[in-house]
Each structure stands twice: as structure tokens, then as C-alpha cells.
Amino acid sequence: MDFNFDKKYVLDTLQDLLLTDSPSGFTKNAADKVKKYAAELGLESETNEKGNVIITVPGQDSSKTVGVCAHLDTLGLMVRSIKSTGKLAVAAIGGPIIPTLDGEYCKIYTRCKKVYTGTILSTSPAVHVYKDASEKKRDIENIEIRLDEKVESREDVEELGIQTGDFVCYDPKTVITESGFIKSRFLDDKLSVALCFGVLKYFKDNNLRPKYDVKYMLSVYEEIGHGMSNIPQEISELLAVDMGCIGEDLEGNEFAVSICVKDSSGPYDYEYTGKLIEIAKRHELKYAVDIFPYYGSDVSAALRGGNNIKGALIGAGVHASHGMERSHYDGVENTMKLVAAYLLD
């Protein structure tokens, strides 16, 4: 099969999504964007009460409905309290690697619709002042936000409209190199969302329809564990497209699509994963089969939620997950090929 994906469309979509702050619980702007993408491709979409976006893709045969899911939400922080110094204490949203946040620029979104900027720093940020500046543990208790405002007290900060519960979004620092590497925070899982739209664009450009009806679902609470806990009842099998892990004892890499046979929630459906492996072999894709021991997906949440489905998990290889992540367009393309071939099969 001749796959001719629109690389520029995929990368432009990815960059647009990465520039749209969307930590779990603060995802409306990102959800509105993907609904716009769907409309531009002539597809209908809806948002359920939870905030998940569901895009309907008519197939050649409506006797069966399959689901494909990725997640829009990312890691982030939230204002925990305002210190007497005018600095902000924070709580984590999801599981960011906290030491990697030291020195990162961020935005604070207030409930009164104002946005302020700041920097995430250790509470011992200066080597000329603090003896433990280099050795102090970088954990959630020992980082704080220095606001780019003239504030010297809690009262000064409160006058700005900043309060407990405001979302803190840190800079993704996105760079796409000429050699094809994609470097950014939050490739987990905006890389998957972008490549899923790349498949939909491929279908439209080539006048193709999937074999069966498809529900493309973009969840907004995956990072905290309950993104796809409820799905449309007509779905019989659900494919999660999320990041593929790279590291010790794993076969996956940034140039391949990873097929996960088991994660912390248990094994994925044997026949389903076997079908994906067979498709990858048939189309001569660069792929890896791996177990992710410290991982859970939207399929995990759907199964725990009692949905009567078969489930599987794939994704482009992403290095340094929950930190400064990196992938490569080759891995993205191999993943798009597997998703497209699966839906057409």
C-alpha cells in the first residue's frame, strides 16, 4: 500500500497543539482546536460532559464500530498556596519529573482570565546565597514560582487575582530539527493526537474510508488515570495511541512504532495485539513489541470502567517521558502506517 501522509500537516498540527496549554482539568482550548481540525476535514465531533472529544468517521460497513483514542491533556502544576514572600508554592498535576522543571518558564492562568508569567525555581536558587543550592533535593516541596510582577508579599499576589487552584503551565520548548527529530515536552500525548489527524487527512486526501465505523476519541484526563473510563457502548475494540517507551530492557526506539503487549494494568488482548503485529510485518514497518512496567493507558481506564471491549496499545517511540521528551518523524510515520492499515484492514 502506498502511504502518502502530509508531513507538513502533521508537524504543523503538532506545533499548534503543543503551543496550546492543556494540563489535565484545563483542556477546553485544546478540545476546541481539535474539533476545528475535525470540521476542516469534514468530520462531525462532539464533546461529552467529561470534556472528551469524540469524532465520528463513517466506514464502509456500519455493522461494527472500532475506537481509536489519544489524549489531549498533559502534565502540569497548580498553585497550592501563596507564600509570604510573594512566591507561589505548587502541587503537581500528573507525574512530571520535578527536577527537570528547575529553571523553566511558565504561565499562571487565573480564574479572572488574566495570565501571568514566571519561572519555576528551587527554593535555594542562588549559589552565592545558599550553601545547598546545588545539592538541595528538587521535589515538589522545594520548588516555587517567582512571578514576573512587582510582588513582595502574599497580599501583593492576591491583588493580581492569583489564588489557590490556578493552573500553572510550563514551556514545552518545542524544536523540530532538519534531521527529523522532534524535541518537546508533552509529546505524550500530543504527538499521537497529531499523527491521528495525519491519518484522517490521508483518508480525506485519498478518498478512503475505514472498513468499519470509527470513533476517534481524544481524552482530557488520561494523565490522572480516568480519561476513557466511559466510552460509547457500540465500540467493540479500542486502540490507544500513546507514547512508546524507550529505555533499559526495551526494544522500542524513536524511529519505530511500539506495540505494547502488557503494562502495569495487565496484558492487552492477545488476538488484537497479534493482529497489529501481523499488520506491521505485512507492511514491513519498523516496529517493536514491548512490555511497559510503569505505564497505564486510556484502554486501561476503559477496561477498569467496565467497558466490554478488546483493547490494544501502540505509539511512536518517545525518549525521556515526562521530562524533556524526544521522538523522530520516522517513528511518527511508522505509527501512522499501522493505524491506517489497521483501520482499512
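Mentor: A residue counts as buried under 20% relative accessible area, as exposed over 50%, and as partly exposed in between, with a 1.4 Å probe and protein chains only. This is a predicted model, in which local features need pLDDT of at least 70 and side-chain atom pairs count only at pLDDT 80 or more, while totals for chains, interfaces and linings use all residues. Residues are numbered from 1 along each chain as its sequence is written, and side-chain values use heavy atoms, with hydrogens and water left out.

Trainee: What makes Cys260 buried?

Mentor: The relative accessible area of Cys260 is 1%, so this residue is buried. Cys169 also counts as buried, because its relative accessibility is 6%.

Trainee: Why is helix 4 called oblique to helix 7?

Mentor: Helices are DSSP runs of H or I with at least four residues, strands are runs of E with at least two, and both are numbered from the N terminus. The axes of helix 4 (residues 187-205) and helix 7 (residues 329-344) come within 9 Å and cross at roughly 50°; axes are lines fitted to C-alpha atoms, for helices over the stretch in contact, and angles run from 0 to 180 degrees between N-to-C directions. Angles under 35 degrees count as roughly parallel, over 145 as roughly antiparallel, 65 to 115 as roughly perpendicular and the rest as oblique, and helix 4 is therefore oblique to helix 7.

Trainee: Which residues of helix 4 and helix 7 make the contact?

Mentor: With contact meaning heavy atoms within 4.5 Å, helix 4 contributes Leu191, Leu195, Gly198, Val199, Tyr202 and Phe203, and helix 7 contributes Val332, Thr335, Met336, Val339, Ala340, Leu343 and Leu344.

Trainee: What makes helix 5 and helix 7 roughly perpendicular to each other?

Mentor: The axes of helix 5 (residues 270-282) and helix 7 come within 10 Å and cross at roughly 115°, and the two helices are therefore roughly perpendicular to each other. Their contact is made by Tyr272, Lys275, Leu276, Ile279 and Ala280 of helix 5, together with Leu338, Ala341 and Tyr342 of helix 7.

Trainee: Why does Lys113 count as exposed, and what makes Lys173 partly exposed?

Mentor: Lys113 counts as exposed because its relative accessibility is 73%, whereas Lys173, with a relative accessible area of 41%, is partly exposed. Lys113 is in the loop between strand 6 (105-109) and strand 7 (115-122), and Lys173 lies in the loop between strand 9 and strand 10 (175-176).

Trainee: What is the phi of Lys113, and what is the phi of Lys173?

Mentor: Phi of Lys113 is near 70°, a positive value in a residue other than glycine, and Lys173, although not a glycine, has a positive phi of about 55°.

Trainee: Where is the peptide bond that is cis?

Mentor: The peptide bond from Asp188 to Asp189 is cis, with omega near 15°, and Asp189 is found in helix 4.
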